[in-house]
Amino acid sequence: MWAEKLRIRKNNVIADLYPLTKLWIAALYALCVLILGTMKIDGYPVYMMAAFLVVPILALLSGIFKKFLNVYKGIFTLCLFILVVQALLIKSEEIVWGFKLFGNFTINVYKGGLQKGLDLSFNIMNIASILAWFFQTTENKELVYALEKKGMSPKASYVFLSTLQMIKVLQHNSRVIMNAQQARGVETEGNLFVRARAFLPSMVPLIMGSIANTEERVLTLESKGFSVKCKKTHIFDVVPSGNERTAMIIAVTITILVVVWRVLAWVL
Amino acid sequence: MGVVIELRNVTYSYPLADKPAIKDVSLKVEEGKFYGVIGKNGSGKTTLCSIIRGFAPSFFKGELEGEVLLYGKPMSEYDQGELALHMGYVFQNPFNQISGVKETVFEEVAFGLENFGVPVEEIEERVMDIMKLTKIDHLAEQHPFELSGGQQQRLALASILVLEPDIMVIDEPTSQLDPEGTESVFEIISQLKKARKTVILVEHKVDLIAEYADEIFVLNDGELIKSGDKHDVLTDVSLLDHGVQLPQMAVLGHRLRKRGLNLDYIPITEKEAKDVIGRLIYREAQ
C-alpha cells in the first residue's frame, strides 16, 4: 500500500517517462546541438540558434512551461550577458555595427565577437535549458533510484540525496545559531553592514557544528545497517510508464537525421 | 538468564587523549534485564556505550585493552551489519539521527529495513506496527525535519526498534526534551521492558532510572565505582560524593530515617515511598 502511495505519478505522457529515458533524450539533444553548432551560415550558428526553440516546446508539451519559463529567463539573461561581452570585446576586422558614444569613443560590435558570442551563448542556453527541463520533470529521488537500479552504489545515492537535503539541515542549524547569537546581544538584523558583521560569528559554529554532527550521523547510519553488504530493497520504486520505447525511437531517429544531414552537408 | 555482553578489564583511550576514558571496567549484562548507567558529566557513560555497541575502537579508533564479548564472542569478530541486527543504538540528539535522505517519517523508519534487504511487504507491515507502538503513525506522511524534538526522538527509537534488535543501547534520549517529550520516550522504553529486551540506558534523570531499571552501573572518571541491584545502588549516599544524585524518594527516606522514623527500607520510587510510609503509619496507629 505504501509502496503504491509513494510512487510518483505524473499526468503528462512526456513528464511521466522513465528518468533514464529522459536523461537519454537530454543527452541526445545536447549531441544534436553540438552537431548543429558545427553547421554555420556566413560563420553564424544559425541551425543551433533555431534549435533553442525545441526545449520550450518540449516544456510546453511536458506541462511544465510556467515553471520552466522562470528558469529559462535566468539562463537567457546570463547568455545575453555573455553575448554582449563577447560581441564587444572580441575584436575582428569586420564591424557589424558601431556608433559614437562621445568624442572619439565608439562602441563596435565585431563580426568575429558576435559569431563567437552566439556560438557560446546558444550552446549554453540549449544545454542548460534541456537540463532544466530534465530536472523539472524528474524528482531527484526518481533519478537516484533509477541509477541505483542500473548499478550505481547506494553510497553514491546517499551522498547525492543527503547533499540536497543538507540545505534544509543547514537552514535549521543556522536559524538556531542566529537565535542564540541574538540572545547574546549580537545584532543579526538590519542593513547590509550589520548583517555582514553577524555573518562570521554565525558561520563558524554552523560549519564546526556540521562537522561535529557528521560523526553522529555516520554512527546512526551504521546503527541502521547502512554498510551491510546485501541487496537493498526500496519501498519507493520508479517504474517505466510504457512509452519509453516510442520516445527513444523518436529521439534516436531525430539524432540520426541530424548526423546524416551533417555528413551530407560536409560531403556535398 | 544468560550473559549477552561481558566486559573484562576494559581500558579504553581515545586517540591523542592523555588519559583513558574508561579504566579497567568489568561488567556483565544479562539477557532481558534493564540496566541504568549513571554518573556525572565526563564520567565515561557515552564511551562505555560506544564500547558495548562496538563503535569504539572500530570507528573512533584509539586503544582498547581487555576483552569485550557479545554472546561469548569477541566484539572484533562481528561486522557492523551483524552488530546492527543484534544491537540498536539511540543517541542524545534526535535531529542528528535522521538519515537526511528520506522525505517522510514512514520512509525514515523503513530505511534500516531497506538496508537489510527486507522484502517490501514485510517492511510495510513492520513499519506500521512500530509506528503505532511509538505513537508516530499519525505523522507517517510528514517530513522528518519538520517534527518536534520529542517526535524526532520517538522517530529515532522507531527507526531502530523496527530492526528488532535483542539489545538496545540508549544514550540520554531525553536530554534535549521537555517533560512531555520525556514522558513519551519513557512510555516506549517501558514497552521494551515489557517485551523483555535487554536495555542499557544512560540517563541523568535518576528518578526515571529508579522506576524502570533492574540494575545500575555507576561511573566516575572512567571507573565503574558501583554496580548491582537498583535498590542497593540508588540508596547509597556515598554516591553523592561522586556527583551522582539519588532519587528524590531515596533522599526523602534517608531524611526521615535521620529524624528517627523507623522505615522498613529506603524507597527509590513514588510507589515504594507510598508503601513504606503506609506501613509506618499502620504500625504507628497500632
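## Domains, a helix pair and one residue

In this predicted model, the centres of domain 1 of chain A and domain 2 of chain A, taken over C-alpha atoms, are separated by 35 Å. The assignment for chain A places residues 2-138 + 244-267 in domain 1, while residues 147-223 form domain 2.

Also in chain A, helix 4 (residues 54-61) packs with helix 6 (residues 111-137) at an angle of about 10°, and their axes lie 9 Å apart. Because angles under 35 degrees count as roughly parallel, helix 4 of chain A is described as roughly parallel to helix 6 of chain A. The residues that make this contact are listed by helix in the table.

| Helix of chain A | Residues in the contact |
|---|---|
| Helix 4 | A:Val55, A:Leu58 and A:Ala59 |
| Helix 6 | A:Asn126, A:Ser129, A:Ile130 and A:Trp133 |

Sorted by class, the contact of helix 4 of chain A with helix 6 of chain A has five nonpolar and two polar residues, with no charged residues.

Turning to chain B, B:Val276 belongs to helix 10 (residues 270-285) of that chain. B:Val276 counts as buried because 20 other C-beta atoms lie within 10 Å. When its neighbours within four places in sequence are left aside, B:Val276 is in contact with B:Leu263, B:Asp264, B:Tyr265 and B:Pro267. B:His242, by comparison, is 34 residues from B:Val276 in sequence and 28 Å from B:Val276 in space, C-alpha to C-alpha.

Definitions and conventions:
Residues are numbered from 1 along each chain as its sequence is written. Chains are lettered from A and ligands numbered from 1 in the order in which they are written. This is a predicted model: local features need pLDDT of at least 70, side-chain atom pairs count only at pLDDT 80 or more; totals for chains, interfaces and linings use all residues. Helices (H or I, at least four residues) and strands (E, at least two) are DSSP runs, numbered from the N terminus. A residue is buried if 20 or more other C-beta atoms lie within 10 Å of its own, exposed if 12 or fewer, and partly exposed in between; C-beta atoms are placed from the backbone. Two residues are in contact if their C-beta atoms, placed from the backbone, lie within 7 Å. Domain bounds come from an automatic or database domain assignment. Axes are lines fitted to C-alpha atoms, for helices over the stretch in contact, and angles run from 0 to 180 degrees between N-to-C directions. Angles under 35 degrees count as roughly parallel, over 145 as roughly antiparallel, 65 to 115 as roughly perpendicular and the rest as oblique. Ala, Val, Leu, Ile, Met, Phe, Trp, Tyr, Cys and Pro count as nonpolar, Asp, Glu, Lys and Arg as charged, and the others, Gly among them, as polar.
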